[in-house]
Amino acid sequence: MDLQFTPDELAFRAEVRQWVAENLPKDLSHKVFNSLRLTEEDSRRWARILGKKGWLGYGWPTEFGGPGWTAVQKHLFEEECALAGAPRIMPFGPVMVAPVIMAFGTKEQQQRFLPGIASGEVWWSQGYSEPGSGSDLASLKTRAERQGDHYIVNGQKTWTTMGQYGEWIFCLVRTSTEGKPQTGISFLLIDMKSPGITVRPIITLDGEHEVNEVFFDNVKVPADNLIGEENKGWTYAKHLLSHERTNIADVNRAKRELERVKRIAAQEGVLDDARFRDQVAQLEVEIVALEMLVLRVLSAEKSGKNSLDIAGLLKIRGSEIQQRFSELMMLAAGPFAVPFEHEALAAAGWQGEFAHAAVVAPLAGTYFNMRKTTIYGGSNEVQRNIVAQTLLA
Amino acid sequence: MDFDFSDDQVSLRDAVAKWVDKGFDFSRRHAIAKAGGHTRDVYNQLAELGLTGLAVPEAHGGLGFGAVEAMVVMEELGRGLVNAPYAAGALVAPALLAAAPAAVQEVWLPKIASAEALVVLAHQERGARYRLHHVTTTATQQGSGWVLTGQKSVVPAADEADAFIVPARIAGAADAITGIGLFVVAKGTAGATVAAYPTQDGARAGELKLAGAAATLITEDGYATLEQAVDVGIAAACAEGVGAMDKMVAITVDYMNTRKQFGVTLASFQALRHRIADVKMQLELGRSMSYFASLKLGEPAPQRRRAISQAKVQLGQSMRHVGQQCTQIHGGIGVTDEYISSHYFKRLTVLEMAYGDTLHHLGEVSCRMTETAGVFA
């Protein structure tokens, strides 16, 4: 039992910290530290910088051109990026679809798709949820019918995050209606420039365009774009989920945002109000406890002992904490959280009509936006079912 | 960064668990509680395992083990709901005596290791709440020695202890952190009387009344030592709580899998499944912070104090949540004296109040907030 990182791990962290400090553009970290809107180009720029260094696919093994880092190194990399105010890596390419292509794709598919993901040149989207299939994902209905050497895809995907910029989309599609719903699903890679695809924005409650509906109308997809075997897609998708273990808790971001809570509370004059301050202290305890939980999972992964089947707990707690810090920030601003200054999110340099307006303007929007965290990725109620399943008969 | 236990630590855990299995079942606990909470026999049996010497340096006849070993033992004692003043006598007292002159250590530490003497901290005072620096018991020099006057409250195993370690004010105002001395008062000293009572969790405590009682000086400047020793006690309470919660959850899960209502097991109701998932969450957060507490015990005082308070907040909340929810899931049987889970609930409740409850420690965290948060802050 030892709480300290090894000298090698500390040296690794120092190396990452220095590199991030030298390579993360200041205009991007300014936006991240202040919850200003990141443009498509902002996200692409950071992805390309990481890609050039070979760190965009930071979880990849060396055989596919990744750095081959340990679980602890991956955690430290995520932490250094988060604390420095780096934009979040869009996970759909490097974190989500790439491991599936590595594990189940053909050599040809690997050579065709992985380089564009690793370099940050190709923007991927995720096509899972449908209007009738949210938490009950296996009930999905988007159909792919085999016709010769291609599939014809018809249906609708939704909640497609940043799909407006997507060049490719990985989809779960129904290729069979026989047997259990899970057994008739296939994993298909689709070029979003294909005729018959329409992307429509969904504006969320904060007024932002983050998610989309994607319609498929007789979209022709080469059969070469099928991953693995037909009707085995559910297995591949589960493999994908098993790749998101600790980063689902997003504890590094929570640490960064807790400091922002304190700064905003001090600026607004409530940090010395015992009733408010104690709530910040409570959140601090919760974040330390979550970090310890994450470190326990990493340690178990490292040693192979004491395997901890607690991904559900990490998702539940991490999402609750994200909601909580956004809530406290908004409450700290008090009545000044109320003005809806949409233009403030776009323009670094926007001043507003009262002191610190630029700091305060994004807070309520972030609070509203964060309600998604306990809903997406398997709602927290579904996660509770999963946790209970590990305990009960 | 490594949260695996060494082979020796696993053996220690197994040895304690084995003794609990054979030597301390629920009927024994129940009988002790009914008879007024006398536990010295249990304490002496722990000594036969060598456990009372765990934190005593080898030079004084102990094992000289560290914080992780103490945590392992406390987890198992908690799991077995073992009723004995183990943390007070074997972990906290040696930490206090670390500040004593060699001659005083030579008198007490070997006896602590062998359990010939049960020595407990008597620090709480009416009106002090959980503040360690609120000390109104006075210490005055008389000839070459010291005499103490005042009253210490809710002292663990008060009428079974052989000696008390008493913080007393040598100088300064009631709340000053300077001028607090630490003293040993032996049982039976003229002017020292004990009025004992049973506790809610089936053990025993009492009031130590001092009226010019002769005392041996440990140190004239004892506040830092007192804080350190109390932090040892907090880490022990956290670990005991983890063991107790772990077992209470296991008992509740068994009950959910077997008890039937409406023709089906309780485990089939989603309302209860979600409750047990939340309980599991609190258990694992608590376990994580118990590790944190024990691993931070060796840090310099500012970091240690902050970490220990953070841990006690989490454990306080976890223990209350697990105790209340597991009682609720059981239904009627959960509120009976005959069934074991109510005894876990009461122990967890008392542990929350040991060395500062959740609100007290939240206040400590609140006072110590800095510009960086997290495990390595």
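Predicted model: local features only at pLDDT ≥ 70, side-chain atom pairs only at ≥ 80, totals over all residues.

**A helix pair in chain B, and the wider picture**

Mentor: Now to the pair, which is in chain B: helix α5(B), residues 86-97, and helix α6(B), residues 102-114. Two packed helices are described by the angle between their axes and the distance between the axes. Here the axes come within 11 Å and cross at roughly 170°. Anything over 145 degrees counts as roughly antiparallel, so α5(B) and α6(B) are roughly antiparallel. Which residues make the contact? From α5(B) you have B:G89, B:A90, B:A93, B:P94 and B:L97, and from α6(B) there are B:V104, B:Q105, B:W108, B:L109 and B:I112. By type, that's eight nonpolar, two polar and no charged.

Now set that beside the contact between the chains, which takes 40 residues from chain A and 35 residues from chain B. On the chain A side, the elements giving two or more residues are α8 (251-267), α9 (274-303), α10 (311-333) and α13 (380-391). α9(A) gives the most, with 17 residues. That side does include charged residues: 12 of them, along with 22 nonpolar and six polar.

As for chain A overall, 43% of its 393 residues count as buried. The C-alpha atoms fill a box of roughly 70 × 50 × 50 Å along the principal axes. And of the contacts in chain A with a separation of 6 or more, 72% come from residues 24 or more positions apart.

Terms used
Residues numbered from 1 in each chain as written. Chains lettered and ligands numbered in written order. Contact = placed C-beta atoms within 7 Å. Helix = DSSP H or I, 4+ residues; strand = E, 2+ residues; numbered from the N terminus. Nonpolar A, V, L, I, M, F, W, Y, C, P; charged D, E, K, R; others polar. Buried ≥ 20, exposed ≤ 12 C-beta atoms within 10 Å, placed from the backbone. Axes fitted to C-alpha atoms, helices over the stretch in contact; angles between N-to-C directions. Parallel < 35°, antiparallel > 145°, perpendicular 65-115°, else oblique.
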